[in-house]
Amino acid sequence: MVTRLNVELTRTVDESYPLLIGTDLAGELPGVLEAAGLGRSRVAVITDSTVNELIGAQVMEVLARAAQSPTAQSRAPQLFVFPAGEENKTRATKEQLEDAMLAAGFNRDTVVVALGGGVVSDLAGFVAATFTRGVPYITMTTTLVGAADAAIGGKTAVDTPAATNLIGAFHQPRAVLIDVACWATLTDSQLRDGMGETVKHACLADRNFFETLEEHFVRRCRGVREMVGDTELSGYIARRNAEIKVEIVQSDVHEGNRRMALNLGHTIGRALEAALDYSLPHGECVAIGLNLQCRLGLRYGYLTAEDAQRVDILLRAIGLPTELPAGVRVADIMRAMGHDKKSLGGAIRFVFQRGIGAMETFAGGSYAREIPSAEVREFLEAQPRQELAS
């Protein structure tokens, strides 16, 4: 005898949230928390060691002062710091943060503030997604790569030896703050890291954006430091990155189809990260993946040789790598691709740009197409290698 019951759980959830872009935004945090209905929640600020040294004390002072105001009914915020670096975006670090929060008495009245770049956003967001089965979080992103990539969209995750971001959850933030003033604290290498994701956005969605980047880096031969010093340009880059990401995420929250366009350059790039044991920054791996995607797309006629060359020239002008590093094994890249979410059976799913500023679509309106693994391997084996600066 079989008893059959139907569990009806149909629901509509509004996960909308504000996004603030500006400078010196720490002072906005109490108001943002209050507007999100989290003014009485206990605040757990999660950051990494680098960001903590730069602005950790400032943010904690702002939050502590707000908690002591006559109208506040919340306890003092608490800071949780983990070692900086992609190599620490792991399940072990997540467990350590969770244990520390539990030991400090945090429970379901918690709100997490993710303070930092992409690693912090991914990791702290994942902590929030699972802590007491889910608590709200707010992201205040301090890096260009974080603003362009991790802060918006609710993808939270940790890395594994097999592949990046393989263990995670969709958990939307309650607010996002992008503090462009923090970019002045970044090294040139960290700024270039963020430009990998920025060029990706221009390639997939906005030809004018791409041409603006060409004007600064190629025709005027200016660098990332001058970009930060140009407040109009840096503000424009922050805004366009956010607008492109928001528009795509709004149309496809859980990456059913169109959101896969944001994987441009990531199929090879993410696999390369894992194959190199995360020794090369994310944005640099994306730049390599983006350039190789152009060459592979050229084979199928998705863009012209001139367009592919323009992408290559722009990436090089920024100072980003464009070739596979000398010494990396294609077998290791292929192994990482096999574990990646974009792998499907014996094929690898790729997304391709159409020219510059648009995406190619395939049968049924799909933004991705499968390419046999053997063909991908042959393509990668044929690529030139580049000695990268240590």
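Which residue in strand 8 stands opposite Thr 139? In this predicted model, the residue facing Thr 139 is Val 176 of strand 8.

## The sheet

Strand 5, covering residues 137-141, and strand 8, covering residues 175-179, are paired in the parallel sense over four bridges. They belong to an open sheet of six strands, whose order is 1-8-5-4-2-3 and whose pairing is parallel. Strand 1 (19-22) and strand 3 (78-82) stand at the edges with a single partner strand each, so one side of each is left without a neighbour in the sheet. From one strand to the next, the twist averages 15°.

## Helices on the sheet

Helix 3, formed by residues 91-103, lies across strand 2 (42-48), strand 3 and strand 4 (110-116), and runs at about 160° to strand 3. Helix 9, formed by residues 231-251, also packs on the sheet, where it touches strand 1 and strand 8, and its direction makes about 165° with that of strand 1.

## Helix 6 and helix 11

Two packed helices are described by the angle between their axes and the distance between the axes. For helix 6 (residues 188-205) and helix 11 (residues 282-300), the angle is about 40° and the axes are 7 Å apart, and helix 6 passes helix 11 in a left-handed crossing.

On the side of helix 6, the contact is made by Ser 189, Asp 193, Gly 196, Glu 197, Val 199, Lys 200 and Cys 203, while helix 11 contributes His 282, Gly 283, Glu 284, Val 286 and Leu 290. Sorted by class, the residues of this contact are four nonpolar, four polar and four charged.

## The largest pocket

The largest pocket has a volume of about 720 Å³, and its lining consists of 34 residues, of which Val 119, Thr 143, Val 145, Gln 190 and Asp 193 lie nearest its centre.

The elements that give two or more residues to the lining are helix 2 (49-67), helix 4 (118-130), helix 5 (144-150), helix 6 and helix 10 (266-275). By class, the lining divides into twelve nonpolar, 13 polar and nine charged residues.

Definitions and conventions:
Residues are numbered from 1 along each chain as its sequence is written. This is a predicted model: local features need pLDDT of at least 70, side-chain atom pairs count only at pLDDT 80 or more; totals for chains, interfaces and linings use all residues. Side-chain values use heavy atoms; hydrogens and water are left out. Two strands pair if DSSP finds at least two bridges between them. Axes are lines fitted to C-alpha atoms, for helices over the stretch in contact, and angles run from 0 to 180 degrees between N-to-C directions. Contact means heavy atoms within 4.5 Å. A crossing is left-handed if the near helix is turned anticlockwise from the far one by less than a right angle, and right-handed if clockwise. Ala, Val, Leu, Ile, Met, Phe, Trp, Tyr, Cys and Pro count as nonpolar, Asp, Glu, Lys and Arg as charged, and the others, Gly among them, as polar. On a 1 Å grid over the protein atoms alone, a cavity is a set of points where a 1.4 Å probe fits but cannot get out, and a pocket is an open set with protein on both sides within 12 Å along at least five of seven lines; lining residues have an atom within 4 Å of a point. Grid points are joined across faces, edges and corners, and a volume is the space filled by probe spheres set on the points.
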